[in-house]
Amino acid sequence: MNLKRTFGAILTVLGIIGLIYTGVEIINHGGQITTLVVVGIIAILFFFTGISLVRTTKDEV
């Protein structure tokens with residue numbers, strides 16, 4: 001497996017975890033709004049960057 005594709009998969013998983021954490025904290029009213037906004041924005045960036053890396057990287061044989 002290509003290194004870029006692996007890194008993209010890791011970024012995607014981290015983004016999903018961050019988005020789930022942000023959603024749970026918003027529902028539970030557990031965190032400060034500033035912290036949740038920052039975590040949410042970073043999670044969205046990780047998610048879309050990871051998806052982009054996985055989609056645009058060609059497999060090498």
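Let's start with one side chain. Phe48 is exposed, because its relative accessibility is 53% and the cut-off for exposed is over 50%. Keep Phe48 in mind. One thing before I go on: this is a predicted model.

Phe47 has 21% relative accessibility, so Phe47 counts as partly exposed. Buried would need a value under 20%. How many aromatic pairs does the structure hold? One. That pair is Phe47 with Phe48: the ring centres are 5.3 Å apart and the planes meet at 75°, so we call the pair edge-to-face.

Let's step back to the whole chain. The secondary structure comes to two helices and zero strands. Helix H1 covers 3–28. Helix H2 covers residues 33–56.

What about the overall form? Along the principal axes, the C-alpha atoms fill a box of roughly 50 × 15 × 15 Å. The radius of gyration of the chain is 14 Å. A compact globule of 61 residues would have one near 10 Å.

Now the surface. The chain has an accessible surface of about 4700 Å². Carbon and sulfur atoms own 72% of that surface. And how much of the chain is buried? Of the 61 residues, 21% count as buried.

Is Gly18 buried or exposed? Its relative accessibility is 11%, so Gly18 counts as buried. Which residues does Gly18 touch, not counting those up to four places away in sequence? Val39 and Ala43. Back to Phe47 for a moment. Gly18 and Phe47 are 29 residues apart along the chain, yet their C-alpha atoms are separated by 8.9 Å.

Now cross over to Leu36. Leu36 sits in helix H2. At 7% relative accessibility, Leu36 is buried, because the value falls under 20%. Leave aside its neighbours within four places in sequence, and Leu36 is in contact with Thr22, Glu25, Ile26 and Gly31. How far is Leu36 from Gly18? The two are 18 residues apart in sequence, and 9.7 Å apart in space, C-alpha to C-alpha.

On to Thr35. Thr35 also lies in helix H2. With a relative accessible area of 42%, Thr35 is therefore partly exposed. Thr35 and Thr56 are 21 residues apart in sequence. In space, C-alpha to C-alpha, they are 32 Å apart.

Val38 is in helix H2. From Val38 to Thr22 is 16 residues in sequence. The distance in space, C-alpha to C-alpha, is 9.5 Å. Val38 has 44% relative accessibility, so Val38 counts as partly exposed.

The patch is about 980 Å². Which residues make it? Ile10, Val13, Leu14, Ile17, Ile33, Val37, Val38, Ile41, Ile42, Leu45 and Phe46. Helices H1 and H2 each supply at least two residues of the patch. Which helix gives the most? H2 does, with seven residues.

Pick one member, Ile42. Ile42 has its place in helix H2. Its relative accessible area is 42%, so Ile42 is partly exposed.

Quick recap. The chain has two helices and zero strands. Phe47 and Phe48 form an edge-to-face pair. And the nonpolar patch draws on both H1 and H2. That's my tour.

Terms used: Residues are numbered from 1 along each chain as its sequence is written. This is a predicted model: local features need pLDDT of at least 70, side-chain atom pairs count only at pLDDT 80 or more; totals for chains, interfaces and linings use all residues. Side-chain values use heavy atoms; hydrogens and water are left out. Helices (H or I, at least four residues) and strands (E, at least two) are DSSP runs, numbered from the N terminus. Buried means under 20% relative accessible area, exposed over 50%, partly exposed in between (1.4 Å probe, protein chains only). Contact means heavy atoms within 4.5 Å. Rings of Phe, Tyr and Trp (its six-membered ring) pair if their centres lie within 6.5 Å; planes under 30 degrees apart count as stacked, over 60 as edge-to-face and the rest as tilted. Patches are made of residues with over 30% relative accessible area and no salt bridge: like charges are joined within 9 Å, nonpolar side chains (Val, Leu, Ile, Met, Phe, Trp, Tyr) within 5 Å. Accessible areas come from the Shrake-Rupley method with a 1.4 Å probe; for residues, only the protein chains shown count as cover. A salt bridge is a side-chain nitrogen of Lys or Arg within 4 Å of a carboxyl oxygen of Asp or Glu. The radius of gyration is taken over C-alpha atoms; the globule rule is 2.2 Å times the number of residues to the power 0.38.
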